Amino acid sequence: MIRIAPSGRVLAVAAAACLALTACGGGGDTASPASESAAAPSSAAPAAPAAKGDGTLTLGTLLPQTGSLAFLGPPEFAGVDLAVKEINEAGGVLGKPVTKIHTDSGDTTTNIAAQSVDKLLTQKADAIIGAASSSVSESVIDKITAAGVVQFSPANTSDKFTTIEDDGLYFRTAPPDKLQGRVLGDLVVADGNDTVAILAMQDSYGTGLADQVTKTAEEAGAQVVERVDYDPKAADFSADVAKVKAKNPKAVVLIGFEETAKVVQELVKQSLTTDKVKWYMVDGNMSNTAYTKMPEGTLTGVKGTIPGAAAPEAFIEKLKGVDADLNDFTYAAEAYDAANLIALAAEAAQDDGGKAIAGKLAEVSKGGEKCNDFKSCAELLKAGKDIDYDGVSGPIEFNEAGDPAVATIGVYEYSDKNTYAAKALEYRTGNIEG
């Protein structure tokens with residue numbers, strides 16, 4: 001469980017924390033799945049309406065089919081596919097079926113994202129769901145928003161997006177990294193670790209999250225004895241791990257993407273195994289597929305944080321109906337909710353144009369009659385009611401920056417099979433300032 005002090009600090013976390021922020025301010029259906037994790041924010045509602053849409057809501061996806069976050073793609077694609085299926089079964093948006101176009105975001109080592117965005121804009125996408133990586137989103141946000149198109153990420157967590165220039169067209173269902181960093185930092189200290197080392201990938205996601213973990217852990221009385229910001233494309237991590245080993249920490253926090261598998265192998269090689277040092281991970285490297293080929297027990301007891309509520313079993317079964325091969329479900333709920341919110345905003349605006357959708361997203365996320373699926377929410381809208389969509393990923397409730405004002409951070413633990421629990425054991429709610 002998690003205890004909240006009067007100041008709002010998380011004092012202990014055993015499974016998950018639901019954090020309420022009190023401050024901060026047309027084309028065809030193409031190929032398949034993929035997506036990633038890293039973060040991004042948004043601004044206020046658009047000041048001036050644009051021309052109306054063409055009457056058909058076209059959703060594009062910009063999610064990882066390739067690159068360092070490719071393992072996150074399948075659940076995110078499945079979330080969008082499930083939402084569009086249900087929306088169309090309920091009659092579609094503005095009386096017409098929703099069209100979806102899947103594209104690959106790649107990662108920051110390629111130009112795939114820019115090419116995909118060009119394709120989506122050419123095919124007149126009204127809203128683009130993605131990217132998963134904060135750095136990728138940052139590289140294309142100007143192109144998307146300049147076209148008057150909504151960019152809606154299910155997985156961006158970088159704090160930069162809270163204040164980024166976006167003409168009110170950027171939104172996300174994943175909370176900013178400062179929340180995950182707080183929960184993770186407090187978790188590390190609550191587990192009895194007074195000396196901590198951090199190995200973080202060197203980009204906006206890794207360094208931002210490492211900064212928050214450092215701040216939280218040190219404020220709670222621990223000492224960060226070593227921090228290494230590494231090149232994720234490095235061929236070898238032996239020198240990085242050696243720096244950590246030299247400081248003899250009780251805990252090691254690993255912040256990265258797919259390269260974490262190589263870091264883990266080096267930790268084992270240098271005898272920093274989980275029976276001697278406690279390891280902690282984050283959403284970018286928590287995976288049920290990346291470590292299964294390692295010897296059993298390599299990750300036993302490793303804990304990690306993932307923004308968002310654990311996917312309910314009924315939702316998981318629906319996702320498997322869309323993609324029977326799913327093993328990871330990270331950000332599936334956020335992607336599902338993103339598609340539903342975009343569709344409901346278009347219904348509320350009676351317009352599928354990007355700026356019209358952006359102008360209604362905050363409205364349909366809070367303050368009205370509660371509903372939790374497209375069909376029931378759309379029926380309320382048609383009856384002239386104000387709605388408050390509460391999704392699978394949580395209550396959402398966008399603030400002026402396009403960030404969720406209420407967020408959940410799940411804490412998971414690996415078994416000797418090198419996979420983590422399908423869902424967190426329990427949730428606790430608390431108010432977090434700032």
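**Helices, loops and side chains**

Modeller: In this predicted model, helix 9 is largely enclosed by the rest of the structure, because 16 of its 18 residues are buried.

Biologist: How many residues does helix 9 have, and what is its reach from first C-alpha to last?

Modeller: Helix 9 has 18 residues and reaches 26 Å, close to the 26 Å expected at 1.5 Å a residue.

Biologist: What happens just after helix 9?

Modeller: Just after helix 9 comes Q350, with a positive phi of about 55 degrees. Q350 is not a glycine. The residue sits in the loop between helix 9 (332-349) and helix 10 (354-365).

Biologist: Which residue has a polar side-chain atom 3.2 Å from the backbone oxygen of Q350?

Modeller: That residue is K52, whose side chain has a polar atom 3.2 Å from the backbone oxygen of Q350. The two residues are 298 apart along the chain, and their C-alpha atoms are separated by 9.2 Å.

Biologist: Where is K52 found, and what does K52 contact beyond its sequence neighbours?

Modeller: K52 belongs to the loop between strand 3 (16-21) and strand 4 (58-63). Leaving aside neighbours within four places in sequence, K52 is in contact with Q350 and D351. K52 counts as exposed because its relative accessibility is 60%.

Biologist: Let us change topic. Which other residue has a positive phi although it is not a glycine?

Modeller: L94 has a positive phi of about 55 degrees and is not a glycine. L94 lies in the loop between helix 1 and strand 5 (99-104). With 23% relative accessibility, L94 counts as partly exposed.

Biologist: And which peptide bond is cis?

Modeller: The bond from G130 to A131 is cis, and its omega is near -5 degrees. A131 is placed in the loop between strand 6 (127-130) and helix 3. In general, most peptide bonds are trans.

Biologist: Now to helix 1. At what angle do helix 1 and helix 8 pack?

Modeller: Helix 1 (residues 73-89) and helix 8 (residues 313-322) pack at about 90 degrees, and their axes are 9 Å apart. The two helices are therefore roughly perpendicular to each other.

Biologist: Which residues meet there?

Modeller: From helix 1, A78, G79, D81, L82 and E86 meet F315, K318, L319 and V322 of helix 8. The residues of this contact divide into five nonpolar, one polar and three charged.

Biologist: Which side chain does D81 join in a polar contact of 2.7 Å?

Modeller: The side chains of D81 and H102 are joined by that polar contact of 2.7 Å. H102 also has a polar contact of 2.8 Å with the side chain of T61. H102 lies in strand 5. With a relative accessible area of 4%, H102 is buried.

Biologist: Which residues of helix 5 are buried, and what do they pack against?

Modeller: The buried residues include Y205, L209, V213 and A217. The buried residues of helix 5 pack against helix 3 (134-146), helix 4 (177-190), strand 9 (195-201), strand 10 (223-230) and strand 11 (251-255).

Biologist: Last one: is Q270 buried or exposed?

Modeller: Q270 counts as buried, at 14% relative accessibility. Q270 is placed in the loop between helix 7 (260-269) and strand 12 (278-281). The side chain of Q270 makes a polar contact of 2.8 Å with the side chain of E266. Leaving aside neighbours within four places in sequence, Q270 is in contact with S238, V241, A242 and K245.

Terms used. Residues are numbered from 1 along each chain as its sequence is written. This is a predicted model: local features need pLDDT of at least 70, side-chain atom pairs count only at pLDDT 80 or more; totals for chains, interfaces and linings use all residues. Side-chain values use heavy atoms; hydrogens and water are left out. Helices (H or I, at least four residues) and strands (E, at least two) are DSSP runs, numbered from the N terminus. Buried means under 20% relative accessible area, exposed over 50%, partly exposed in between (1.4 Å probe, protein chains only). Contact means heavy atoms within 4.5 Å. A polar contact is a pair of N or O atoms within 3.5 Å; within protein, one must be able to donate a hydrogen and the other to accept it, and residues adjacent in sequence count only if both atoms are side-chain atoms. Axes are lines fitted to C-alpha atoms, for helices over the stretch in contact, and angles run from 0 to 180 degrees between N-to-C directions. Angles under 35 degrees count as roughly parallel, over 145 as roughly antiparallel, 65 to 115 as roughly perpendicular and the rest as oblique. Ala, Val, Leu, Ile, Met, Phe, Trp, Tyr, Cys and Pro count as nonpolar, Asp, Glu, Lys and Arg as charged, and the others, Gly among them, as polar. The expected span of a helix is 1.5 Å times one less than its number of residues.
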